[in-house]
Amino acid sequence: MQRHKPFWPIILLLVWLSPCYGRGELEGPVRIHSTVLGYDLQYWVYLPEKAAKPLPELYVTDGQGYLSAGKMVKVLDREIEEGRIVPIAAIFVDSRDPDYPEENRRNSQFMCNTEYAKFFVGELMPVISKRWTGADRSTRRGLMGVSFGGINAACFGMMMPGVFQVLILHSPASAEHLDVVNKLYQEKPPHSSAFLISHGGELDNAAGAERFVQTLKEKGYPVRVIRNDGVHDWENWAPLIDDGLRAFAGTREEDEIQ
């Protein structure tokens, strides 16, 4: 699989010449109606301070969890301010019903749902690019998800090949869903995404995650794996958010997934 390496010296020079970045702004929640899904959703957009458009776009499913439990805005501010990642926009997509937050739709949305994919690529992403980021087809895009959201990221990679350059899967689960996705990747030709996959120990579906990693490597995908002894919770996932950001938009050559 051919891949084009970024011009890291140029990126480093631009970061060095750029003004110091302060706190970014989180806009939202913004409500959007999906014709294809037949209901309203909501999202937040993180925009870095003083950053020129177009901006790279990182989409985050279960965005409400990454914002509250993951404290991801603070991580973005820190990583950009310290020059460890280039300025990016992060789009936090809420999996809940905006009118009834206790109703979470992730179980119906995340398992290779064709309508959810159509909402993303046909309804959400054009709005984000036009209103917030100034992005076009050449813009670098990534997708981050945790647990069942990690399954969604793997599904989107196969369902929308070439749309997301980096897929970040934190503890993809459940084991049954991951086995289905693993078989799909075994059977289908590879697409162009790179992967960062993290998982904890036995209580965090380590065996299933490693089987999927092995399949990806055998198919020739660029993969980085982060292994720890954690369990299936935010104490495991939150400290790994910066690793995902650097894999997507890091300023050092070693940040690139090999």
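**Exercise 1.** State in which helix Glu115 lies, and determine whether Glu115 is buried, partly exposed or exposed.

*Solution.* Step 1: Glu115 belongs to helix 5, residues 114-133; helices are DSSP runs of H or I with at least four residues, numbered from the N terminus. This is a predicted model, in which local features need pLDDT of at least 70, side-chain atom pairs count only at pLDDT 80 or more, and totals for chains, interfaces and linings use all residues. Residues are numbered from 1 along each chain as its sequence is written, and side-chain values use heavy atoms, with hydrogens and water left out.

Step 2: The relative accessibility of Glu115 is 36%, so Glu115 is partly exposed. Buried means under 20% relative accessible area, exposed over 50%, and partly exposed in between (1.4 Å probe, protein chains only).

**Exercise 2.** Identify the contacts of Glu115 beyond its neighbours within four places in sequence, and give its distance to Gln165.

*Solution.* Step 1: With those neighbours left aside, Glu115 touches Val36 and Leu37, where contact means heavy atoms within 4.5 Å.

Step 2: Glu115 and Gln165 are separated by 50 residues in sequence and by 21 Å in space, C-alpha to C-alpha.

**Exercise 3.** Compare the span of helix 6 with its expected value, and describe its burial.

*Solution.* Step 1: Helix 6 (residues 148-159) has twelve residues. The expected span is 1.5 Å times one less than the number of residues; the 16 Å from first C-alpha to last is close to the expected 16 Å.

Step 2: Eleven of the twelve residues are buried, so helix 6 is largely enclosed by the rest of the structure. Among the buried residues are Phe148, Ile151, Cys155 and Met158.

Notes: Helix = DSSP H or I, 4+ residues; strand = E, 2+ residues; numbered from the N terminus.
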